[in-house]
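This briefing is intended for a reader who has the sequence and the model at hand.

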Amino acid sequence: MSVNISIETPNENQIQEIAFDGTETYQPLPTLSESLTKCATRIDFSKSSLDDLKKEDKDGSPVDQFQPSLWPWDSVRNKLRDALTEVCVLSDVLSISREKKYLVLDPIQQEPPENKAMVQVYARKKALSQAASVLLTGAERLKASHVEQKNKTSSNFHIELLRLRQNWRLKKVSNGIIGDLSYRTAGSKFWHNGTFEVTKSEDDVETEEDSSSAPSTPTSTIPPTIKPTSAIKVNVPSELQGVAYIKVITQKDQGDLCTAKINLMGYGRNIAQQSGVWQRVLESAQNVLFCKELFNQLAREAIQLQAPIPHVVIGNQIRANLFPQIQLIISLVHTTSTDTAQTSSSNQDNDSVLEHSLHQLLREVHHKNSDHPFPQPASGPLGPSKKRMLAGPLAADRFELLEMTKSETILEQIIAQAQHTFMRKRTQYVLDTLAKDVRDPQIVSHWNAMNSPTMSCVKINIVTHGYETMHRTALLIHVKDRTLKCIGRDGRVMHLSYEPQELRDLILCQINQHQITSLLSLAKCLAWQVLSNSNHLGIGSVEPLGNASACLLSSPNGDRMIAVQLRSDTSLEARVFIAKSPRQDFFQIPLVPEKIWENLGGHFREVRFDKIEGKSFLMKMEYLMASLTSSSS
């Protein structure tokens, strides 16, 4: 059932008067000035905090308390006048204290105290005694801590275990702690698990019992010398104890050409100083594991490879043929004596190239086993390389696919590097021998510093001393594993085998050509004419090496001719002949009636070339041509 309810707004204005007839007279609204005056009269400036106002409201003081005054702003004026009075007083005080014309403050002179010398002496003596006692106390504490460190024969087990865990992989199995020395996390597939056990040292337990039962001794006594021990005892398997290294020998006719000993001792960070005795034991055990894995990999590859001369694996030794009568011997040496370990670790002055290569090759195998390229696209299979994935879109043929599947084993790569090392040493020996034997011209070799493990580059410059700007013969040689690639100045490419005699013969032929070419350049500078030139002279006796070179020169006036013949053997003998025109023994006969035929020149006479002054072949030829030119003029 609904009921109507009327709602009326209250009157905003107060009722001022009600007449007898019931008429209500409302009070008009106050103006803004009246409202402000009313609010200002309610303010009490003596109250400084809001809490006082709140307390007054709680006490129930009437809000509409009205105090009649002559002027509504009378209270405000009074408060402002009091504040002005206080500010003026403060200003007067500041002016009096700052300016001395109003008030002057003079200190009162007191009587000087009596100086007693003995009191000062006693005070200084007391201060010095206190300082001396502080220094003595500190010295005693330092001495006590030093003696305590010397007496401490075993370190904390948990601190040692923390250091061990920072450097090695550990895990807890039931009540024991097992560590891992293997390279399985790096990609190794070796059969040995490489585990070791970590226990608390018995010496540490005995030391703790002795220290607890022994009576306290004064700190001034000097403790006896005690060997440092560790709170951790590491139990390594018997097959990983001792020291192992891999010995690589390049042997020729039962003589060692190059030797290298490969191990892991001395690699990585030097953490033996901050760690205990267990660090050396674990490093030696991991070195043994590394050498066994490397030798196992090499032995397996030596059996699987089908070489022209089969590789031989006998016990802990692998034999591979590099060149005829030259063998590469790889041996695994494993000993358990510490003296042998010290001697083997100290003998590091061997060939470090093969050592670094073996480490790098095994690390590369581990990397390939653990890191596989991501498939492209993402839905593709895992395993194939990026080249094989692009073989389809790039339309690769069968030959390219077969090349992608080929890969060299560690043994093949180390054999190739050993062959290259032998070829490089042999090339260096040939060049050094020729540079020592052949004084004219000079042979200068420049080896490239940036080389690959299986290829080196050497540039040979053949120059004559004093005539470097006249002519220079350059030869570039690429030293590979079994061959040599020679590139001449004219762009010709010659491939040589591993025989050193071929390289020696090539350089002698280059020296021969250099002498002839330099002589032709010198003749042009002296205005001599080149009548003929041949690098392969087909007449005369048969040369033991190659063919002789020859050239025929004519003086500027045409009255002198010089014939030069150079051999390509080791002696580099030069034969020089001269002829003079007109011929002095020419007589007119009925068959040759004209006199012009006497300019053909007479017989060539050989010059004793070794008697001519000069340090080099070109210098002697320059003197000879200069003398013949001056005599003809």
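How many aromatic pairs does the count come to? The count comes to five, where rings of Phe, Tyr and Trp (its six-membered ring) pair if their centres lie within 6.5 Å. The model is predicted, so that local features need pLDDT of at least 70 and side-chain atom pairs count only at pLDDT 80 or more, while totals for chains, interfaces and linings use all residues. Residues are numbered from 1 along each chain as its sequence is written, and side-chain values use heavy atoms, with hydrogens and water left out.

**Aromatic residues**

- Phe-323 and Tyr-498 form a tilted pair, with 5.0 Å from centre to centre and 45° between the planes; planes under 30 degrees apart count as stacked, over 60 as edge-to-face and the rest as tilted.
- This pair links distant parts of the chain, 175 residues apart: Phe-323 belongs to strand β10 (residues 317-323), and Tyr-498 to the loop between β16 (493-496) and α13 (500-525).
- Helices (H or I, at least four residues) and strands (E, at least two) are DSSP runs, numbered from the N terminus.
- Phe-323 has a relative accessible area of 4% and is therefore buried (buried means under 20% relative accessible area, exposed over 50%, partly exposed in between, with a 1.4 Å probe and protein chains only).
- One aromatic cluster is formed by Phe-323, Phe-422 and Tyr-498.

**Lys-485**

- Lys-485 lies in strand β15 (residues 484-487) and counts as partly exposed because its relative accessibility is 23%.
- The C-alpha atoms of Lys-485 and His-495 are 4.7 Å apart, although the two residues are ten apart along the chain.
- Leaving aside residues up to four places away in sequence, Lys-485 touches Leu-476, Ile-477, His-478, Lys-480, Val-493, Met-494 and His-495; contact means heavy atoms within 4.5 Å.

**Packing of α12 and α13**

- Helix α12 (residues 410-437) packs with α13 at an angle of about 40°, and their axes are 10 Å apart.
- The two helices, α12 and α13, are therefore oblique to each other; angles under 35 degrees count as roughly parallel, over 145 as roughly antiparallel, 65 to 115 as roughly perpendicular and the rest as oblique.
- Arg-426, Thr-427, Val-430, Leu-431, Thr-433, Leu-434 and Asp-437 of α12 meet Pro-500, Leu-503, Arg-504, Ile-507 and Leu-508 of α13.

**Chain overall**

- The chain contains 14 helices and 21 strands.
- Of its 633 residues, 31% are buried.
- Among contacts in the chain with a separation of 6 or more, 57% are between residues 24 or more positions apart.

Notes: Axes fitted to C-alpha atoms, helices over the stretch in contact; angles between N-to-C directions.
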